[in-house]
Amino acid sequence: MDINIIQNLKNQAISSILEAKSDKELEELRIAYLGRKGKITQLLKEIPSLSSSERREIGQIANDAKKAIEQALINSKKAQTAKKIDVSKEWLDVSAPGKKPQIGNTHLVTEAIQEITTIFEKIGFTRVAYPEVEWDWYAFEGLNMPENHPARDVWETFFIAKLKSKKYGEAVLTPHTSSGQVREIEKRKPPIRMLNIAKCYRRQSDVSHSPMFYQFEGLHVEKGINLTHLKGTIDYFAKTFFGPNRKIRLRPYHFRFTEPSMEIDVSCDVCKGKGCRLCKQGWLELAGSGMVHPAVLKNGDIDPNEYSGYAFGFGVERALMMKSGLKLDDLRLLYTNDLRFLKQF
Ligand code: DAH
C-alpha cells in the first residue's frame, strides 16, 4: 500500500472539512471518510492483510490520518456553532463575564444607631420619629425657651424663610431631638418611655461639628420618677454601650427644659479616670439631662404634681467616637461619603 495515497486522502478530507459550510456537509464528509464504507475505514480494513513489515508503518500512518480527520471534524463543528450566533444582532452577550455588584456595609453611624436602639428597647423605650422640619413651638417655646431668650443662641438654628404658623411660630430645621419631647407628651399619656433618634441641624461646620448630625433623646414620664431612675438608666446605657468598666457622673448644669439639669460625663477609657490629654481630669462630656421641667409637662397637659419624668440627649457621633476610640481629624468625614474612608470600617 502506498503511503502517499493515505497522506493524500487525509489532506483531501481535511481541506473539504475546512470548506464545509454546514453541519450537514460535515456529516456527509464524516460518512465518506470514516463511515462503515468510508475511504479511510476501507484502508484500515486492508492493513491486516499486509506483510508484517508494512503493517506496522502503514497501520500507524493510517491511524494517525483517522485521528487527524476526526479532530478536524470536531473543530469545524465548534466553529459552525459559534457562527450561528450573529454577534451583530445579539444585544446580550451571554458569554461575557458578569459585573460583580459592589457589596456595601452599614455606615458607622447607622450601626451605632442600631446598637443604641437595641439597648434602650431592652428596658422598655420605644423608638419614635418626628418631623425634621419643625415648628419653633416644638423646638423651643414648648421646651420653656421663649423667643429672644439668650439660651436659644447656642442652638444656632436654620430657619425656613417664609414658612410661618400663627399658632406654632417659625419653621426651623430641628436643632435637637428635644423637640420630640413636646411632640410626645402632646400625643401620649403617661407612662411614656420614648427614644427619639433623629437628624439635627445647626449652623456649625468645623472639624468637630457637622451642620447635620444625629442625636438620641430619651424621655421617661411616669408616677414617682426621680433622679435615681435617670442615673440608673444612664449607667446601664454607659456600661452596655461603652463597656462594663466605665462609670458615669452627673454634673450640675442649666437647661431651660429640665430642673434640676445635669451634664453627663463618662469616665475616660484611655487613662482609666486618672486624667490625660483627651479628657478633663478623667471624665469626658457626653450628654445633657435632667428632670423634666413642670412647665414642659404642662404643655402636654400632664399634671406635674401627679407625674414626673427625666430626659436626656446625646450626640450619636460623639458617643460613637468615645466608644470605638475612633479619632477623626475631621468629624465631617462621616458624611462626605468618601468610600476610601468608609471602607475601613
Ligand atoms: N437638647 C440639648 C442639646 O441639644 C441636650 C439635652 C439637654 C437634652 C438636657 C435633654 C436634656 O433631654 O434634658 O444640647
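Hi everyone, let's start at the ligand: one of its nitrogen atoms sits 2.8 Å from an N or O atom in the side chain of Ser178, which counts as a polar contact, a pair of N or O atoms within 3.5 Å. Taken alone, the ligand exposes 360 Å², and the protein buries 92% of that (accessible areas by Shrake-Rupley, 1.4 Å probe).

Please keep in mind that this is a predicted model, where local features need pLDDT of at least 70, side-chain atom pairs count only at pLDDT 80 or more, and totals for chains, interfaces and linings use all residues. Residues are numbered from 1 along each chain as its sequence is written, and side-chain values use heavy atoms, with hydrogens and water left out.

A polar side-chain atom of Glu217 is 2.6 Å from a ligand oxygen, and a backbone N or O atom of Ala311 is 3.4 Å from a ligand oxygen. Two or more shell residues come from each of β6 (212-222), β9 (283-292) and β10 (308-315); strands here are DSSP runs of E, at least two residues, numbered from the N terminus.

Now, the sheet. Three strands form an open, antiparallel sheet in the order β2-β4-β3, where pairing takes at least two DSSP bridges. β2 (133-135) and β3 (159-165) are at the edges with a single partner strand each, so one side of each has no neighbour in the sheet. β2 pairs with β4 (residues 169-173) over three bridges, and Val133 stands opposite Leu173 in β4.

Terms used: A polar contact is a pair of N or O atoms within 3.5 Å; within protein, one must be able to donate a hydrogen and the other to accept it, and residues adjacent in sequence count only if both atoms are side-chain atoms. Helices (H or I, at least four residues) and strands (E, at least two) are DSSP runs, numbered from the N terminus.
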